[in-house]
Amino acid sequence: MRTWRPGRFALGLTILAVPLVLALLGPVLAGDPGPRAASFTLGGGHWLGTDFVGRDVWRQVLHGGRPVVLTALAATALAYLVALPVGLAGALTHHRLLEELLMRPLDVLLAVPSLLLILLTATVYTPGPAGLALLVAVANVPDAARLVRAAAAEAAARPAVEALRMQGETWWRMGVGYVGRSMLRTLAADAGTRLTGVLYLVATAAFLGVGVAPDAADWAVMVDRNRTGLFVQPWAVLVPALLIVALTTGTNLLFDAALDKGGRRGAAVPSTRTDAPGATVRSRTEKGARP
């Protein structure tokens, strides 16, 4: 009899599925709002009690995940959308001036703490969810671009890239076809960590009232607004807080498991492939080095 042993991938997927399902399908399952009750009460037909203004906590939980998840995903995608071409261009260009023009402004932006940048910008205008996603993306672009440039520079220094350049291959073929594929594992590892950091930044900004209304149905706002009744009605704080923790923990476990699986698959491939540019040169060098 075979025993199914859930691995890290199954564990991460299970942990991540709970907040994701609530975030994506919660508004559909929430139904119509019922009458408000007294603040911070348990029972009375409310599964998780009521919040600081007497609203049903379970209904707020169902509505509060989508803004957090969509804002974090949009901010992460926007950050990579800018960081990937900038980092690749900085690594593959042979013009020192162009590299300085691309990377030095990002170093200035990197010196400003992310949360401080968001708070300072929020004093000038009040961002909505889209504005918050844009601010978080801008705060993550410098770090992501430097990581992409470092990973791309290592791959661009290989003989295969020089062989492609001598063959007259296009920048797209070298930058995306070879260098981009070479740093996929590095980008995947960074994506899991960065998404966790973006979730933390989005939740912190929402906790401070940036990008969301003070009484919005948002998991981070729920933690902030209901913390005064933590010892009276703890579910209004613990449930959204645990969902945010599950979201970040499940994301990291899922990415780690995917990387482990990719590493094992890559280890099974022989190192003497002949379809990669430069492989023939390496094999001849190795043969010539043998006694």
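For this tour, Ala, Val, Leu, Ile, Met, Phe, Trp, Tyr, Cys and Pro count as nonpolar, Asp, Glu, Lys and Arg as charged, and the others, Gly among them, as polar. What you have open is a predicted model, where local features need pLDDT of at least 70, side-chain atom pairs count only at pLDDT 80 or more, and totals for chains, interfaces and linings use all residues. Residues are numbered from 1 along each chain as its sequence is written, and side-chain values use heavy atoms, with hydrogens and water left out.

**Whole chain**

Start with a cartoon view: the chain has eleven helices and zero strands (DSSP runs, H or I of at least four residues for helices and E of at least two for strands, numbered from the N terminus). Now colour by burial; of the 291 residues, 41% are buried (under 20% relative accessible area, with exposed over 50% and partly exposed in between, using a 1.4 Å probe and protein chains only). Take contacts between residues at least 6 apart in sequence, and 71% of them join residues at least 24 apart (a contact being heavy atoms within 4.5 Å).

**The largest core**

Next, select Val61, Ile118, Leu132, Val136 and Trp219. They touch the most other members of the largest nonpolar core, which has 47 residues (a core is a set of buried Ala, Val, Leu, Ile, Met, Phe, Trp, Tyr and Cys residues joined through side-chain atoms within 4.5 Å). Helices that each supply at least two residues to this core include helix 1 (8-30), helix 2 (57-92), helix 5 (129-156) and helix 10 (235-267). Helix 2 gives the most, with ten residues.

Zoom in on valine 61. Beyond its neighbours within four places in sequence, it contacts Leu22, Trp219, Met222, Val239 and Leu243. Another core lies apart from the largest one; it has 18 residues, Tyr80, Ala155, Ala160 and Ala191 among them.

**Helix 9**

From Trp219, follow helix 9 (219-226). Seven of its eight residues are buried: Trp219, Ala220, Val221, Met222, Val223, Asp224 and Asn226. At the start of the helix, show the side chain of aspartate 218, where an oxygen comes within 2.9 Å of the backbone nitrogen of alanine 220.

**Two cavities**

On a 1 Å grid over the protein atoms alone, a cavity is a set of points where a 1.4 Å probe fits but cannot get out, whereas a pocket is an open set with protein on both sides within 12 Å along at least five of seven lines; lining residues have an atom within 4 Å of a point.

For the second largest cavity, at about 30 Å³, select Asp51, Phe52, Arg55, Gln60, Ala216, Val221, Met222 and Asn226. Here helix 9 gives the most, with three residues.

Finally, pick Pro33, Gly34, His46, Asp56 and Arg59. Of the 13 residues lining the second largest pocket, these are the closest to its centre. The pocket holds about 240 Å³ of space, and its lining has four nonpolar, five polar and four charged residues.

Key: Grid points are joined across faces, edges and corners, and a volume is the space filled by probe spheres set on the points. A polar contact is a pair of N or O atoms within 3.5 Å; within protein, one must be able to donate a hydrogen and the other to accept it, and residues adjacent in sequence count only if both atoms are side-chain atoms.
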